[in-house]
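Keep the picture open while you read.

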Amino acid sequence: MKRIIYIPFDHLHRKFGALKDADSQSDVIAFVESARMTTGRNWHTERLFFLISSARHFAKSLEDEGFTVEYVKAATTVDGLKTIQKKHKALPITCAEPSSFRQYDQLKAFGVTFVPNDFFLTPRDLFTQWAEGQKSYLMENFYRAQRIRLGIMVEGNKPTGGSWNFDKENRLPPPKKYEGPAYLEHKRDEIDKEVAAELGHTMTTTWATTRKGALAQMKNFFDNHFAEFGPLEDAMTTDNWALHHSLLSPYINNNLIHPSEVIHAAVKAFNSGSVPIESAEGFIRQIIGWREYVNGMYWFLGPDYRENNHLNATRKLLPLFSDPSKTQMNCIKETVTDIQSRAWVHHIPRLMLLSNLALITGTNPQAFLDWMREVFIDASEWVMVPNVIGMGVHADGGQMMTKPYAAGGAYISRMSNYCKPCAYNPKLRTGETACPFTTLYWDFLDRHKETFAKNHRMSQQVFGLNRLSDLPELRERAQEVLAGFEKGQI
Ligand code: FAD
Ligand code: SF4
């Protein structure tokens with residue numbers, strides 16, 4: 001044997017990373033299940049189950065291929081690697097560049113050598129080159145450059161269909177009583193059962209833990225959901241938990257599926273003529289635009305970026321985030337309950353409900369980030385940090401987004417069916433039945449009016465404060481709401 005190839009739990013692809021040129025005659029394959037990963041934090045067990053079971057299935061597939069596979073449990077990754085290295089005569093260890101600053105530094109300090117991380121469509125230095133040439137890091141500009149660079153939905157330098165995006169068509173509210181095609185249920189095997197028993201996890205059938213299952217999920221999306229993805233992508237409804245979202249993020253993030261495989265299938269479906277352009281473009285933007293941009297920004301902005309707190313938000317995490325019985329807000333109760341069942345909700349509840357609430361209540365960004373990291377099936381450092389710190393709670397002062405995504409109950413009422421049965425009224429901003437989102441939205445603008453008045457994209461919203469005749473009552477109600485949150489009574 002000549003070397004040890006270390007496979008982090010998010011590099012599970014045979015054809016990419018350090019495995020791409022692996023040889024069963026000369027390479028030992030190493031996996032480490034570290035205690036930091038399993039018991040280090042209050043992780044959602046669905047998430048742990050998914051990550052560990054996927055890694056064990058993948059390790060088994062390499063063994064079946066004839067590789068010598070070492071799968072060890074240890075206090076830390078480095079401890080595990082030391083054990084494996086001891087057993088294999090101090091062979092050198094190689095790995096694809098890890099996906100977080102922390103793991104990168106730890107493995108480098110231990111002497112692991114890296115091959116380039118090709119689990120994304122955009123090499124890190126190419127993104128840096130793009131970012132360094134920009135005045136502001138607008139995702140839309142990056143996305144257009146990606147379409148041209150990758151040759152996706154373009155004719156020369158012009159967008160197919162005459163427009164770079166079709167957002168206007170993609171903002172429909174949910175239809176009444178919307179069922180839609182059923183989602184896949186994933187069967188469980190002995191490896192799954194073993195992992196679930198170790199974690200004390202009650203298995204669900206929501207997430208696949210094998211490449212075969214992940215590919216079945218992808219096929220199901222393209223066959224049954226892709227055409228309708230766009231128009232309803234921002235809608236929220238209690239009638240259908242996923243609407244037409246792909247549910248592919250966990251598999252692309254742990255690399256049971258490579259993003260190029262998803263894009264290839266999306267372009268093929270679009271070229272077959274069976275998918276409207278607004279759905280195809282909307283979905284492709286998520287993968288070649290948002291996902292690549294977020295990863296690029298994570299590396300570009302550096303390890304200290306996660307500590308930003310531009311708005312000096314100091315509130316502790318609200319009890320309702322971990323216990324839905326601590327709120328009467330129907331939208332939040334439904335969303336947190338969904339997260340407890342499946343470790344997933346789509347981008348609009350993440351942005352316009354959870355992050356919006358953290359933003360307008362002045363919740364500490366790092367406390368909120370930690371919670372988001374723990375509960376989502378697809379949460380990794382590189383993706384959660386920019387999405388929360390930059391997009392969700394504007395803690396970076398606008399380095400990523402030109403304005404904060406703050407909204408009152410009117411937006412949620414328009415885009416969901418949550419408000420009708422709710423104890424609160426989205427139209428009211430004062431009084432006991434006022435929607436907390438509506439009250440706190442105005443209170444947030446009022447508290448930060450000096451900061452936002454300078455932002456030309458926010459000045460109109462801030463100017464709206466002048467029209468409020470009930471500002472003193474609103475400020476009073478906001479204080480009641482914030483105190484009520486702490487007691488779990490709102
Ligand atoms: P679809 O709606 O079907 O979208 C297709 C794919 O596009 C996703 O699978 C994902 O790979 C990619 N994508 C879309 N938006 C983003 C984005 N903003 N950043 C990165 N990838 C994107 N996504 C994660 O994978 N992990 C996270 O921890 C995560 N945290 C988020 C936190 C906040 C505050 C917000 C606003 C978004 C976050 N997202 C995260 C992005 C997005 O919400 C999820 O990727 C999506 O909901 C996953 O479901 P899906 O696969 O059905 O996505
Ligand atoms: Fe949420 Fe307000 Fe609507 Fe209630 S009224 S569901 S709190 S947005």
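Predicted model: local features only at pLDDT ≥ 70, side-chain atom pairs only at ≥ 80, totals over all residues.

## Salt bridges across the chain

Aspartate 27 has a charged partner: it forms a salt bridge with arginine 3, and the closest N and O atoms of the two sit 2.6 Å apart. The pair links distant parts of the chain, with arginine 3 in strand E1 (residues 3–6) and aspartate 27 in strand E2 (residues 27–34), 24 residues apart. Arginine 3 counts as partly exposed, at 23% relative accessibility. Searching the whole structure turns up 32 salt bridges.

Another of these pairs is arginine 315 with glutamate 486, where the closest N and O atoms are 2.9 Å apart. Arginine 315 lies in the loop between H12 and helix H13 (330–342), while glutamate 486 belongs to helix H21 (residues 471–487), so this pair ties together parts that are 171 residues apart in sequence. Arginine 315 is partly exposed at 22% relative accessibility, and glutamate 486 is also partly exposed, at 39%. Salt bridges can share partners too: Glu33, Arg56, Lys73, Glu194 and Glu198 are joined into one network that way.

Then there's aspartate 167, which forms a salt bridge with arginine 171, with the closest N and O atoms 4.0 Å apart. Aspartate 167 is partly exposed at 22%, and arginine 171 is partly exposed at 48%.

## A buried arginine without a salt bridge

Now find arginine 188, in the loop between strand E7 (158–159) and helix H7 (190–199). What is the nearest side chain of opposite charge to arginine 188? That's aspartate 192, 4.1 Å away. A salt bridge needs the atoms within 4 Å, and arginine 188 is buried yet has no salt bridge.

So what does the side chain of arginine 188 have around it? One of its polar atoms lies 2.9 Å from the backbone oxygen of threonine 204. The backbone oxygen of tryptophan 207 lies 2.6 Å from a polar atom of the arginine 188 side chain. Leaving aside residues up to four places away in sequence, arginine 188 touches Phe49, Met203, Thr204, Thr205, Thr206, Trp207, Ala208 and Thr209.

## Two helices that cross

When two helices pack, you describe them by the angle between their axes and the distance between the axes.

Most residues other than glycine have a negative phi. Alanine 90 has a positive phi, near 50°. You'll find alanine 90 in the loop between helix H3 (77–87) and strand E4 (93–96), where it is exposed, with a relative accessible area of 58%.

Histidine 394 is not a glycine either, and its phi is positive at about 55°. It sits in the loop between helix H16 (381–392) and helix H17 (409–415). Is histidine 394 buried or exposed? Histidine 394 is buried, with a relative accessible area of 4%.

Conventions:
Residues numbered from 1 in each chain as written. Chains lettered and ligands numbered in written order. Heavy atoms only, no water. Helix = DSSP H or I, 4+ residues; strand = E, 2+ residues; numbered from the N terminus. Buried < 20%, exposed > 50% of the residue type's maximum accessible area, 1.4 Å probe, protein only. Lys, Arg positive; Asp, Glu negative; His and termini not counted. Polar contact = N/O pair within 3.5 Å; in protein donor to acceptor, adjacent residues only side chain to side chain. Contact = heavy atoms within 4.5 Å.
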